[in-house]
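This report describes selected local features of one protein model.

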Amino acid sequence: MGNADTKLHFRKAVIQLTTKTQPVEASDDAFWDQFWADASTTVQDVFALVPAAEIRAVREESPSNLATLCYKAVERLVQGADSGCPSEKERQTVLNCTRLLTRILPYIFEDADWRGFFWSTVPGAGRSGRLDEDADEDEARPLAESLLLAIADLLFCPDFTAQSHKKSSPDSTEDIRSIDSCEYIWEAGVGFAQSPPLNYVHDLNRAELLKLLLTCLSEAMYLPPSSERRSLNPWVSFFCSTENRHALPLFTSLLNVVCAYDPVGYGVPYNHLLFSDYRELLVEQAAQILIVALEHEGGSAFSAALQALDAAATPTAAEETEPAGPENLFVNYLSRIHREEDLSFILKGLARLMNNPLVQTYLPHSAKKIQFHQELLILFWKFCDFNKKFLFFVLKSSDVLDVLVPILFSLNDARADQSRVGLMHIGVFILLLLSGERNFGVRLNKPYALRVPMDIPVFTGTHADLLILIFHKIITGGHQRLQPLFDCLLTIIVNISPYLKSLSMLAANKLLHLLEAFSTPWFLFSAQQNHHLVFFLLEVFNNIIQYQFDGNCNLVYAVIRKRNVFHQLANLPADAAAVQKALQRKKKSGATRSDSTETEEEGAGPPAPAEPGTLKTSLEATPGIDKITEKSQVSLDGTMMPLALSGALGAAASDAESNAEHEVFRAESARSRLSSASSSSAAPWSANADWVASWKAKLPLQTIMRLLQVLVPQVEKICIDKGLTDESEILKFLRHGTLVGLLPVPHPILIRKYQANAGTAMWFRTYMWGVIYLRNVDPPIWYDTDIRLFEIQRI
């Protein structure tokens, strides 16, 4: 009964706030205390008892009351931080203020006139006597700064959010101002050796404070997307600046809590059904805070990535691109992690969590499955992007495959689900980043023995075969919104192709099937950029034939079997009548299907319908492949140099030039193909004979044609002489054959490395906040507020 009474009092206070015509004095503590005095109000209660309509009504009709409520709630948090919350009553007050501010802040952000409120100082803030001791210093501090510093203090509050180091006695409370919060880091790992005992109350209190912190940092959701916007998120900038004395222990705590988390625990079946895992809630919040705090906004994203990756920029160039405003300490700390044991701890932790959905047990549903896969992918991306030592550590051993397999699993699983198109993009971007390094291609030659539950044909081969099979599945069996990713998928295969020692017959056939599908005249002529896909695939075949011929008899055999595809490409009709005739066929077939029945045999179908009520958030358009990659040439000693620096080498290699010719993309490359393929493009462009002739002359077919010219007669002769019909004998002949001295001079290896830019920074910002919006549904922090960064669509 008491619980019902306290809720009634709280509800009455809310009603009074909305109906009072006169502003309530800040000194009227009896009135304001009603909002945070009750001991039994949960965060769900606060969201239910403070309706959105009433928050907006107070904002419009009694703005001074809303301002005073925010100020008084922040004041209580500051008082709690100062005192260290020694009593249960004070802790409850802090939690109630935390919940109330979490509820109200999104409605402050959605109104442009209110957005600056927290960055102003409150007139007469000293009246309550809160700041008597150092009124001058703190009265000048904006409300937002006081709030963020109070949250940071409270996250290291002994006996509230951290394990106390003192023996419990009434007169020995620790002074929160004098404690070294580095001794109170939440979990062992990077820079901290002791693992404090698990305390579910501390975990719950931390999670509530982190939820408020995440809400504070979410102002970016209420600003329209703009890659030109150079202003930093002031909340993130301040929280991650030297003003926050807890920045290092907080970064370390968040990182260690995520990377040390083991959802399977001791492996007791169904353990997650027997007791609540409060640590999972904290880990989710920690991962979300990390990905937001590690974000560089607008124009500074490019310079931050350059500096963090130690790119070969001149000192003057680095100075020119220096981001405005204070340095982000979270990015700084992340970029400086370098000890092998720390890098190993991070990689093993992230890999363990990313592999969690793949864990199979004999008892169905007996292992706990985590839900924050997308946050983990963004976090892994940021680690690779901002810490080059981490990227090299990932690639120096086969541990990279522990990350690759779950990413491929997610891509395959999500390919037909339109609500998970963002997940597809982040997975492909990570693989594009990794594929820019030689070691990634080398590691893919490791045999694939793990049997993960995926709907792909059973095969015996390497991780490279697995990657090609799943990419083929995405291209032929994914939904239409994935077409802008085709460039990226094929670029990844191009990047790894010079290092693939032995493709399986299945993977080789899939590559040929893609070439067959993309080289049909109606597909080539139906959009301005479609022929680039053929150039990519031809480059893959050239790389493998020139650099890995010896072990790739399966691919060579597949090329010989499908030689008519290459002959048809070489003889592609370019006259106006042939172009028109090919375009008429467009109506009879889908943009990524070939006449082959191979696709249908694999069960590729239309996109799976989403569950009723599923929400998704809109994404920014993906920049064209030319905008997100930079070409590098691999020299003889295995090092890479940007193509601009290797002019002398490049000029000598005409084959490489013709290979690279198709790289002159326009920004709308992928989007143009998407709109054309869906027959909704209003663009005036249409294929003509001159346009076809302009790129047909540059098709890099010389190497393949020479191979066919040499090997086809030999294979045919063996078949006739020995009456062979068994392909194993032909493969044996090809395995021991050689083309040394018969092929054109090997072209230099070109790698397209991921390049950070404002367009991808904007894409990541909308994707990241979209994920956070959809994941925070209990309580629904931002639901039904006026979000402007993306659109919320109900599927």
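## Backbone features in loops

Cys-85 is found in the loop between α5 and α6, where helices (H or I, at least four residues) and strands (E, at least two) are DSSP runs numbered from the N terminus. The model is a predicted one, in which local features need pLDDT of at least 70 and side-chain atom pairs count only at pLDDT 80 or more, whereas totals for chains, interfaces and linings use all residues. Residues are numbered from 1 along each chain as its sequence is written, and side-chain values use heavy atoms, with hydrogens and water left out.

The phi angle of Cys-85 is near 50 degrees, a positive value in a residue other than glycine. Cys-85 is buried, with a relative accessible area of 0%; buried means under 20% relative accessible area, exposed over 50%, and partly exposed in between (1.4 Å probe, protein chains only). Asp-159 also is not a glycine and has a positive phi, of about 70 degrees. This residue lies in the loop between α8 (143–154) and α9, and at 42% relative accessibility Asp-159 counts as partly exposed.

A cis peptide bond runs from Asp-778 to Pro-779, with omega near 5 degrees. Pro-779 lies in the loop between α39 and β5. Pro-780 lies in the loop between α39 (758–775) and β5 (792–794), and with 33% relative accessibility it counts as partly exposed. Pro-780 and Arg-103 are 677 residues apart in sequence, yet their C-alpha atoms are 9.1 Å apart in space.

## Salt bridges

With a salt bridge defined as a side-chain nitrogen of Lys or Arg within 4 Å of a carboxyl oxygen of Asp or Glu, the count comes to 29. Within helix α9, Arg-206 and Asp-203 lie 3 residues apart, about one turn of the helix. Their closest N and O atoms are 3.1 Å apart in a salt bridge, and both residues are buried.

The salt bridge between Glu-437 and Lys-753 has its closest N and O atoms 2.9 Å apart. Glu-437 lies in the loop between α21 (421–435) and α22 (438–443) and Lys-753 in strand β4 (residues 749–754), so the pair ties together parts that are 316 residues apart in sequence. Glu-437 is buried, with a relative accessible area of 15%, whereas Lys-753, at 21%, counts as partly exposed.

Salt bridges that share partners join Arg-56, Arg-59, Glu-60, Glu-110 and Asp-111 into one network. Arg-59 forms a salt bridge with Glu-60, in which the closest N and O atoms are 3.0 Å apart. Arg-59 is buried, with a relative accessible area of 10%.

## Aromatic pairs

A search of the whole structure finds 31 aromatic pairs. Rings of Phe, Tyr and Trp (its six-membered ring) pair if their centres lie within 6.5 Å; planes under 30 degrees apart count as stacked, over 60 as edge-to-face and the rest as tilted. The ring centres of Phe-380 and Phe-390 are 6.0 Å apart and the planes stand at 70 degrees, so this pair is edge-to-face. Because Phe-380 lies in helix α18 (residues 373–386) and Phe-390 in helix α19 (residues 388–395), the pair ties together parts that are 10 residues apart in sequence. Phe-380 and Phe-390 are both buried.

Trp-691 and Trp-695 also form an edge-to-face pair, because their ring centres are 5.6 Å apart and their planes are at 75 degrees. These residues are 4 residues apart in helix α36 (residues 689–696), a separation of about one helical turn, and both are buried. Elsewhere, ring pairs link Phe-109, Trp-114, Phe-117, Phe-118, Trp-119, Tyr-222 and Trp-235 into a cluster.

A cavity is a set of points on a 1 Å grid over the protein atoms alone where a 1.4 Å probe fits but cannot get out, and lining residues have an atom within 4 Å of a point. Grid points are joined across faces, edges and corners, and a volume is the space filled by probe spheres set on the points. The count comes to 5 cavities of 30 Å³ or more.

The second largest cavity has a volume of about 90 Å³. Its lining includes Val-14, Phe-35, Glu-54, Leu-69 and Ile-104. The elements that give two or more residues to this lining are α1 (2–19), α4 (52–61), α5 (63–83) and α6 (88–109).

Definitions and conventions: 1 Å grid on protein atoms, 1.4 Å probe; cavity = no way out; pocket = protein on both sides within 12 Å on 5 of 7 lines; lining within 4 Å.
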